[in-house]
Each structure stands twice: as C-alpha cells, then as structure tokens.
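Please look at the sequence and the model shown here before reading on.

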Amino acid sequence: MKDVEGGGAREAGAGGKEKAGVRILLADDHAILREGLASLMEKQQDMAVVGEAACGEECLEKADLLRPDLVVMDIKLPGMSGIEACRLLKARFPELKVVMLSMYEDFEYVHRALQAGADGYILKRAAGSELVNAVRRAARGEKAFSPQVLEMIVASLREEGRAPGAGPLDSLTSREYDVLALMSEGMSNKDIAAKLFISPKTVEKIISGIYRKLGVSSRTAAVKVFLSAQ
C-alpha cells in the first residue's frame, strides 16, 4: 500500500499484489489511531487494509473507489458523523459491513448506530483481539457488540416491558433469555456455561428449549430472532 492525500490515508497500489482476506477501510480522524488499527489488522492472515479515511465524506469516496468488504468507522468524525456516513454507505452498498468504533457507552449512540444499519458496535477501550473478532464476525454476516454494549441492548429490551404474546422472545424464561443473549455474542456452549456457572449439558438443554419456543432449529436462526427483536 502507499500513502495518498487525505489525512495520510492508505490505498492499495494498482500495481502491487493485494493481500487476500477481508478488505477493510478504516475511518477515523486521528492518524495515530488509524495507524494502530491498520497495524493490528495487517497482522491478521485473513484481513487486508485497503484504505483509510479521516472524515465521513472521504470514507464515502474511498468506499466507492476501493469497494471494501467492511468499514471500521469512528462514530465521531469531523463534518459528517460516523452514523450518517454508515447510513449512506448502507444505502449505496447494501452488502458492505460496517463496524462502529466508539468511546461512547451511551445507549442512545448504540441505538442510532443500529438504526443506521451498523453491523457492530465496539468500544474504543476494548482489547485489540475483541475488535479483530468483531471484524471476523461482521464479515460472516453476524452482529458484533462489545459485552458492555450487548448488556445495554438487553437491558433496554427488558425496560421496554414485553406483554405476553407481544413478541417472539416473551415465552423465554429469564435464564433462556440470558443464554440466548450470550449466544448472540458468539459465545460457545462451554463459554456460556462458565459465564453462568452451570454445566455445558444444562446449557444444551436450555438451548433446546429456546429452539422449541422460538420455532427454530439452529443457533444462527435463534440469534437472528434475538437481534431482530432489538
């Protein structure tokens, strides 16, 4: 890759051989952070940073030029916000995945990002491994949230109050709901068991009950029902 104008952004050179993997565009107004993110992503065998942008407008231009698979974008950008840029990106490129990277732990920002079509919301204080995993999950078509963000989403759903029969998740017990929330976070049965201090076999029984109540037959389908209820 080579440096080009526009906040020191990078683009894949036309004459060079591009690394295989998820093609990523980074959007953040802080050059040092972009460089750190680029270094982190480039160390992954299955990721390639094809460009960088310092603002929302530049991100739209680079997305049109480079056609990345996924954008990692700061929620707070100069001029056009990351949320508005996400909305426009999704309208122009429906298959493009967008993972928001934010310092904001306010549910209002999470809600607005999801409404704009974001595929993930990761906090800036998260470990690099969490962001890398989020990128992989989003690239596979899954939703990716920091654990704290997922807790906010679950809490918001509970606060809304669900009358019997009002939604697909209303028939679930509190334990089933907690297990499904952790499933949507991408946790394995073993990890869920450790998190909830129960045995893996108990987790399997709970998941079977979730499938039966939701009328689904796979983990992916159950998580899809959970996320669609947001």
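The report below covers the model as a whole, then helix pairs, then single residues.

## Source and confidence

This is a predicted model, in which local features need pLDDT of at least 70, side-chain atom pairs count only at pLDDT 80 or more, and totals for chains, interfaces and linings use all residues. Residues are numbered from 1 along each chain as its sequence is written, and side-chain values use heavy atoms, with hydrogens and water left out.

The average pLDDT of the chain (pLDDT is the predictor's confidence in each residue, from 0 to 100) is 85, and 87% of the residues score at least 70. Over residues 1-9 the pLDDT stays under 50, and the model has 29 contacts beyond four places in sequence for them. Residues 12-16 also have a pLDDT below 50, with five contacts in the model beyond near neighbours in sequence. Contact means heavy atoms within 4.5 Å.

## The chain as a whole

The chain has 10 helices and eight strands. These are DSSP runs numbered from the N terminus: helices are H or I with at least four residues, and strands are E with at least two.

Of the 230 residues in the chain, 46% are buried. Buried means under 20% relative accessible area, exposed means over 50%, and partly exposed lies in between, with a 1.4 Å probe and protein chains only. Among the contacts with a separation of 6 or more, 62% join residues 24 or more positions apart.

## Helix 2 and helix 3

Helix 2 (residues 56-66) packs with helix 3 (residues 82-92) at an angle of about 20 degrees, and their axes are 10 Å apart. Axes are lines fitted to C-alpha atoms, for helices over the stretch in contact, and angles run from 0 to 180 degrees between N-to-C directions. Helix 2 and helix 3 are therefore roughly parallel. Angles under 35 degrees count as roughly parallel, over 145 as roughly antiparallel, 65 to 115 as roughly perpendicular, and the rest as oblique.

Helix 2 contributes Gly56, Cys59, Leu60 and Ala63 to the contact, and helix 3 contributes Ala85, Leu88, Leu89 and Arg92. By class, six of these residues are nonpolar, one is polar and one is charged. Ala, Val, Leu, Ile, Met, Phe, Trp, Tyr, Cys and Pro count as nonpolar, Asp, Glu, Lys and Arg as charged, and the others, Gly among them, as polar.

Which residues of helix 2 are buried? They are Gly56, Glu58, Cys59, Leu60, Lys62, Ala63 and Leu66. An α-helix has 3.6 residues a turn, so residues three or four places apart point the same way. Just after helix 2, arginine 67 has a positive phi of about 50 degrees. Arginine 67 belongs to the loop between helix 2 and strand 5 (70-74).

## Helix 1 and helix 5

Helix 1 (residues 31-42) and helix 5 (residues 128-139) have axes 11 Å apart and pack at about 65 degrees. The two helices are therefore roughly perpendicular to each other.

On helix 1 the contact involves Leu37, Leu40 and Met41; on helix 5 it involves Gly128, Leu131, Val132 and Val135. Six of the residues in this contact are nonpolar, one is polar and none is charged.

## Helix 8 and helix 9

The axes of helix 8 (189-196) and helix 9 (200-214) come within 8 Å and cross at roughly 105 degrees. That makes helix 8 roughly perpendicular to helix 9. Asn189, Ile192 and Ala193 of helix 8 meet Pro200, Val203, Glu204 and Ile207 of helix 9. The contact has five nonpolar residues, one polar and one charged.

Phenylalanine 197 lies in the loop between these helices. Its phi is positive, about 60 degrees, although it is not a glycine. Phenylalanine 197 is exposed, at 78% relative accessible area. Lysine 201, in helix 9, is also exposed, with 63% relative accessibility. The C-alpha atoms of lysine 201 and lysine 190 are separated by 9.2 Å, and the two residues are 11 residues apart along the chain.

## Leucine 123

Is leucine 123 buried or exposed? At 3% relative accessibility, leucine 123 counts as buried. Leucine 123 is in strand 7 (residues 120-123).

Not counting residues up to four places away in sequence, leucine 123 touches Leu101, Ser102, Tyr104, Glu105, Ser146, Gln148 and Val149. Serine 102 is 21 residues from leucine 123 along the chain, and their C-alpha atoms are separated by 5.0 Å.
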